[in-house]
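These are my notebook entries on one protein chain. I set down what I looked up, entry by entry.

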Amino acid sequence: MSPLKRGALIVFEGCDRSGKSTQSRRLAELLKSKGIPTESLNFPARSTNIGQVVNGYLTNSKDLPDEVIHLLFTSNRWELMGKLRQKLLAGTTLIVDRYSYSGVAYSVAKGMDFEWCYAPERGLIKPDAVFYLRAAPESLAKRSEFGEERYEKVEFQSRVSAVFDRICSNESTYWHQLDASQTADDLHSLIAGTAEKLLPQVATQPLDKLS
Ligand code: T5A
């Protein structure tokens, strides 16, 4: 009997309105249509107790010190990690809209220290691939509903983008930078090609941790 093959952890990152939800949904639909066990989730996971506090903060109904909200975003990932590990090891591929890198990018953009922000992310499951959807914040601001949440301001998004760029160059072995101003169809083709090659490659590799 061949050993059980694990699923892949695939993450989408980028500034607000960069098309992460659109591309995560399309990739999940494609993989499912090919009979590959696939589930989607996004961070913040707003339905947990911690996620509800985070949601209150993002929708501007609650104020919290920067350090506190940073650690709540991280805790929201840690609280789901056991469940995600189980699913991956059972062979399910997970498509995740935002992860630790958003945690670091948004807090560093506020002026917080990079190392301080990254430290509590260490030990979380390391993604097999990150698709980084990159476009000028000025062009993303023209997309529908931009500006409704706390961080959706062009000047702030430019600082977030600079931190994502820094992470992308440090983590270039598994980050795939894509021009988010392309059509959704073109982006999907590029992402689908990379993801379909990745799945068999990682299936027999052990899960790794962020270090
Ligand atoms: N945050 C998050 C932290 O500070 N710390 C953390 O640890 C984490 C995890 C909420 C906020 O939380 C912060 C970051 C965020 O500010 P969110 O709920 O993921 O995070 O919010 P958004 O990123 O704003 O999610 P959105 O759903 O708003 O944007 P998406 O998913 O990037 O974009 P999408 O796919 O919904 O598309 C936006 C619009 O653009 C169009 C779509 O039709 C839609 O109208 N579109 C395109 N238009 C032209 N060309 C394309 N290629 C397009 N693709 C999509």
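**Entry 1: helix H4.** I looked up what the buried residues of H4 pack against, and I found strand S1 (9-14), helix H3 (66-89), helix H5 (114-118), strand S4 (129-134), helix H7 (154-170) and strand S5 (175-179). Contact here means heavy atoms within 4.5 Å. Helices (H or I, at least four residues) and strands (E, at least two) are DSSP runs, numbered from the N terminus.

I then checked how far H4, residues 100-109, is covered: 10 of its 10 residues are buried. Buried means under 20% relative accessible area, with a 1.4 Å probe and protein chains only. I noted the residues concerned, among them Tyr101, Gly103, Tyr106 and Val108. After H4 comes glycine 111, for which I read a positive phi, near 110°.

**Entry 2: the source.** I record that this is a predicted model, in which local features need pLDDT of at least 70 and side-chain atom pairs count only at pLDDT 80 or more, while totals for chains, interfaces and linings use all residues. Residues are numbered from 1 along each chain as its sequence is written, and side-chain values use heavy atoms, with hydrogens and water left out.

**Entry 3: threonine 93.** I located threonine 93 in strand S3, residues 93-97.

**Entry 4: the whole chain.** I counted 8 helices and 5 strands in the chain. Their order along the sequence is β-α-β-α-α-β-α-α-β-α-α-β-α.

I looked up the radius of gyration, taken over C-alpha atoms, and the globule rule, which is 2.2 Å times the number of residues to the power 0.38. For 211 residues a compact globule would have a value near 17 Å, and the chain, at 17 Å, agrees with this. I also noted that the C-alpha trace spans about 55 × 35 × 30 Å along its principal axes.

Of the 211 residues, 49% are buried. Among contacts with a separation of 6 or more, I found that 81% join residues 24 or more positions apart.

How values were computed: Buried < 20%, exposed > 50% of the residue type's maximum accessible area, 1.4 Å probe, protein only.
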